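Work through the exercises below with the coordinates open. Each task is followed by a worked solution.

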Amino acid sequence: MNAALSQTLIAAEEVSKEFHIPHGLWRRLTGQPRLAVHALNGVSFQINRGETLGIVGESGCGKSTLARCLVRLFDCDDGRVRFEGEDIADLKGADRRAFNRRVQMIFQDPYSSLNPRMRVREILGEALAVHKMRPRAQIPARIAELLDLVRLPSDAADKFPHEFSGGQRQRIGIARALAVEPDVLVADELVSALDVSVQAQVVNLLLQLQEQLNLTVVFVAHDLRLVRHISHRVAVMYLGKIVEIGPTEALFSAPRHPYTKALLDAAPELDPTKRTRTVAARGELPSPINLPKGCLFNTRCPHAFDRCFAERPLLSDRTPAHKAACHLTDFGAPSLQNLEAIS
Amino acid sequence: MIPALEVRNLTTSFRTQNGWVKAVDNVGFEVMPGEVVGLVGESGSGKSVTLHSILRLVHAPGTVAGSVKWQGRDLLTMPERELRKVRGGEIAMIFQEPMTALNPVLPVGIQIEENLSAHTALDGRQRAARARELMDLVGIPEAARRLKDYPHQFSGGMRQRVMIAIALASGPKLLLADEPTTALDVTIQDQILKLILDLRDELQMGVVLVTHDLGVVAATCDRMAVMYAGRIVETGSVVDVFAEPHHAYTRGLLGSVPRGGAGRTLLLSIEGTPPGLASIPPGCSFNPRCTFATDICRKETPMLAEFAPGRLVACHHHREVAAAGSPVV
C-alpha cells in the first residue's frame with residue numbers, strides 16, 4: 001500500500017451512543033433507573049483515504065448507528081469522530097457544510113429514501129443547488145453527466161422515482177450522493193433490498209466508480225460474501241463493539257475472534273460438496289439494554305473461561321494491521337506445528 | 001421409489017387491470033420421501049405462488065390449473081373437507097415472517113394445541129404434554145414456561161422455531177417452507193436450517209424449500225429447481241447444477257454471488273431486470289437479458305426437456321451454456 005492510501009481520513013475514537021427508552025410510570029414511581037439501549041459501546045478505528053472499509057455484523061450490532069455517527073446524522077454521546085483530524089462535532093457554519101458535502105451517505109431502502117413527488121431532475125438539481133456545485137446554467141448538463149455516470153438512460157431525468165425498479169432507484173441514490181463530488185461514501189446496506197442479479201450490477205458499478213473517482217467507501221452490510229468481495233479491510237461488530245478488524249483476506253481466511261469464526265461458519269458455503277451439520281453458534285444476541293458483564297460474546301462463546309466473565313477484552317494487535325478483542329490472544333493463530341509444516 | 005408429491009402442469013393465473021397474468025406457468029416437479037427440494041428464483045418468479053397453489057391457498061379471482069398428486073390423490077380437485085385433513089396435517093407449511101403468521105393475541109402453547117386438536121385424537125392433558133415436547137424438539141429453552149408466552153415475547157429466530165413446532169404438531173410427511181430464514185440473521189439462519197435437516201432425518205419428511213439464496217440451497221437441498229418469470233428453467237441435483245449449469249439464467253445467478261478469493265473483481269452480473277408478469281417477452285422469457293440468445297430464442301419458447309438422467313433444462317442453447325463453464329467451480 002503506498003503512502004497516499006494509508007493516510008487516515010476518518011478516525012473514530014471511543015464512539016458511544018445510547019438510545020433512551022421512555023421512562024415508564026411504574027419504573028419512575030418505584031425509583032428504578034431509566035433504561036437505555038447501548039447501541040455503540042466505545043468504537044475506535046481509522047479509515048484510510050481511497051480504501052473500502054467493510055463493516056459487518058448481525059442486526060442490532062450497531063452498524064447502522066455507527067454509519068449515522070460517521071456522517072453526523074447522530075451526535076455521539078461519548079468519544080468523537082475526526083475527519084482530517086478535526087472533531088466533526090465542533091464543525092460550524094461553512095466548515096460543517098463542507099463536511100456534509102464531502103461525506104455522503106446512501107441509504108438502504110431505495111423506496112423510502114427518494115422523495116416520491118420529485119422528478120429525478122429535481123432530486124439531483126437540489127443537491128447541486130444547495131451546495132452551489134455549478135452555476136444555474138450548467139446544472140442540466142451536469143445532471144445528464146451524473147445519469148450517464150450511474151448508467152441510467154438520459155430520459156430518466158424527467159421521471160418520478162416510482163417509475164424505476166429497485167436497482168435503478170439505488171443508482172439514483174448513488175447519483176445524488178455523487179452530485180456533490182464527495183470524498184467519502186457511507187453506504188448502509190446498499191444492495192440488501194435488491195434481487196441477486198441486480199445486486200451484482202450495483203456492486204460492479206460501485207467498484208468502477210470508486211476507481212474512477214478515487215472515493216473512500218464505508219460499506220456497511222450483513223452479507224459476508226459481499227463485504228469480502230468489495231472491501232480492502234473489514235471490521236466485525238458485535239453488540240456495539242468492534243470485535244475484530246483487519247485486512248479482508250487475513251480476517252476471512254484466519255479469523256482471530258470466536259465470533260468472527262462463528263459468523264463465517266454460519267454463512268452457507270456456495271459449494272454443495274462442502275456441507276456441515278454442526279451449528280456454528282448457539283444461542284442468540286443478548287439484550288443491548290442489559291449488556292453481559294465481561295466479554296460481550298461470553299454468553300455464546302464455546303471457548304469462554306473465567307476471565308471472559310470478569311473483564312472486557314480490549315482490541316489489541318494480532319499482527320500490525322490485524323486487531324481482535326479476545327482474551328485468547330492465540331485464537332485462530334497458525335499453530336507452531338503448522339508453521340513448521342509450512343517452512 | 002414413488003414420489004411423495006407430484007406436481008404436473010401447475011398453472012396459476014391472476015386477473016389484473018391488464019388482463020390475466022400467469023404467475024406460475026406449467027410448472028412440474030416431484031418430491032421423494034425424505035428429500036429436500038429447493039425452489040430458487042428472484043422476487044416475482046412465482047416460487048411462493050407455486051407453494052401456495054399446492055395447498056390451494058390461492059383465492060379467487062386467482063385460478064389454479066394442473067394436478068398436484070399427493071399419495072395418489074389430487075389436491076386440486078379433492079373436496080374441501082378432505083383437503084382440510086391434508087393441509088396442516090399431512091402437509092405443513094411455514095412462512096417467511098413468523099410475526100405475521102402467528103396469532104399475536106394467543107399464547108404460543110394454545111396455537112400449538114390448536115393444530116393438535118385439529119389433526120390428532122389426543123385429549124387435553126396429552127395435548128399440553130405434546131406441546132411441551134414439540135417446543136423441546138425445536139430447541140426452545142425452558143419450554144414449559146414459554147408455552148404461556150405470546151409471540152411478541154419471542155425473538156425472530158425463536159418465533160420461527162414456534163412456527164416449526166406448530167407445523168410439526170400433526171406429524172406431517174411433507175413440509176413446505178416459504179423463505180423460512182430470509183428475515184433472520186446468519187447465525188440464526190444456520191441454526192434453523194440445521195434444525196429442519198435434523199427433523200427431516202428424524203421424521204423422514206420431504207421438504208420443499210423456497211429461497212432466493214443460492215448459499216442456502218447449496219447447504220441444505222438435495223435437488224433444486226430454478227424458476228424465472230413463472231416457469232421452471234432448470235432442475236437437477238444441487239451438486240450437478242452448481243457444477244454445470246445448463247441455463248444462462250442459472251449461470252448468471254451463480255455468477256452474481258461473490259465468492260472468496262476474487263476480491264474486488266467485477267461480478268458476472270445479468271443485465272436488465274426480471275420482466276413484469278404482464279409483459280413477459282415472446283419466445284424464451286429470459287432472451288432480452290441473455291448473452292447466448294439468437295433468433296430462435298425470440299420466437300420459440302423452449303420446453304423443459306431432459307438431457308441427462310434427472311437433469312432438465314428449458315434452453316435452446318444449453319450445450320453452449322454448459323460449455324461456457326460454471327462460475328462457481
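**Exercise 1.** Which side chain does the side chain of A:Asp188 join in a polar contact?

*Solution.* First, the ground rules. This is a predicted model, in which local features need pLDDT of at least 70, side-chain atom pairs count only at pLDDT 80 or more, and totals for chains, interfaces and linings use all residues. Residues are numbered from 1 along each chain as its sequence is written, chains are lettered from A and ligands numbered from 1 in the order in which they are written, and side-chain values use heavy atoms, with hydrogens and water left out.

Step 1: apply the criterion. A polar contact is a pair of N or O atoms within 3.5 Å; within protein, one must be able to donate a hydrogen and the other to accept it, and residues adjacent in sequence count only if both atoms are side-chain atoms.

Step 2: name the partner. The side chain of A:Asp188 is joined to that of A:Ser64 by a polar contact of 3.1 Å.

Step 3: A:Asp188 sits in strand β7 of chain A. Helices (H or I, at least four residues) and strands (E, at least two) are DSSP runs, numbered from the N terminus.

Step 4: list the surroundings. Not counting residues up to four places away in sequence, A:Asp188 touches A:Ser64, A:Met105, A:Ile106, A:Phe107, A:Gln108 and A:Val220. Contact means heavy atoms within 4.5 Å.

Step 5: check accessibility. A:Asp188 has 3% relative accessibility and counts as buried. The classes are buried under 20% relative accessible area, exposed over 50%, and partly exposed in between (1.4 Å probe, protein chains only).

**Exercise 2.** Describe helix α6 of chain A and what covers its buried residues.

*Solution.* Step 1: take the span. Helix α6 (residues 166–178) of chain A has 13 residues and reaches 18 Å from its first C-alpha to its last. That is close to the 18 Å expected at 1.5 Å a residue, where the expected span is 1.5 Å times one less than the number of residues.

Step 1: judge burial. In α6(A), 11 of the 13 residues are buried, so the helix is largely enclosed by the rest of the structure. Among the buried residues are A:Arg169, A:Gln170 and A:Arg171.

Step 2: find the cover. It includes β6 (103–106), α4 (120–130), α5, β7 (184–188) and α7 (196–213) of chain A.

**Exercise 3.** How many salt bridges does the structure hold over all chains? Examine some of them.

*Solution.* Step 1: count. There are 41 salt bridges over all chains, each a side-chain nitrogen of Lys or Arg within 4 Å of a carboxyl oxygen of Asp or Glu.

Step 1: take a pair within one helix. A:Glu145 and A:Arg142 form a salt bridge at 2.8 Å, N to O. Both lie in helix α5 (residues 139–149) of chain A, three residues apart, about one turn of the helix. A:Glu145 is partly exposed at 46%, whereas A:Arg142 is buried at 8%.

Step 2: take a pair between helices. A:Glu249 and A:Arg228 form a salt bridge, with the closest N and O atoms 2.9 Å apart. The pair links distant parts of the chain: A:Glu249 is in helix α9 (residues 248–253) of chain A and A:Arg228 in helix α8 (residues 224–230) of chain A, 21 residues apart. A:Glu249 is partly exposed at 35%. A:Arg228 is partly exposed at 21%.

Step 3: move to chain B. B:Arg231 and B:Asp25 meet in a salt bridge of 3.1 Å, N to O. B:Arg231 lies in strand β10 (residues 231–237) of chain B and B:Asp25 in strand β2 (residues 19–31) of chain B, 206 residues apart. B:Asp25 is buried at 17%.
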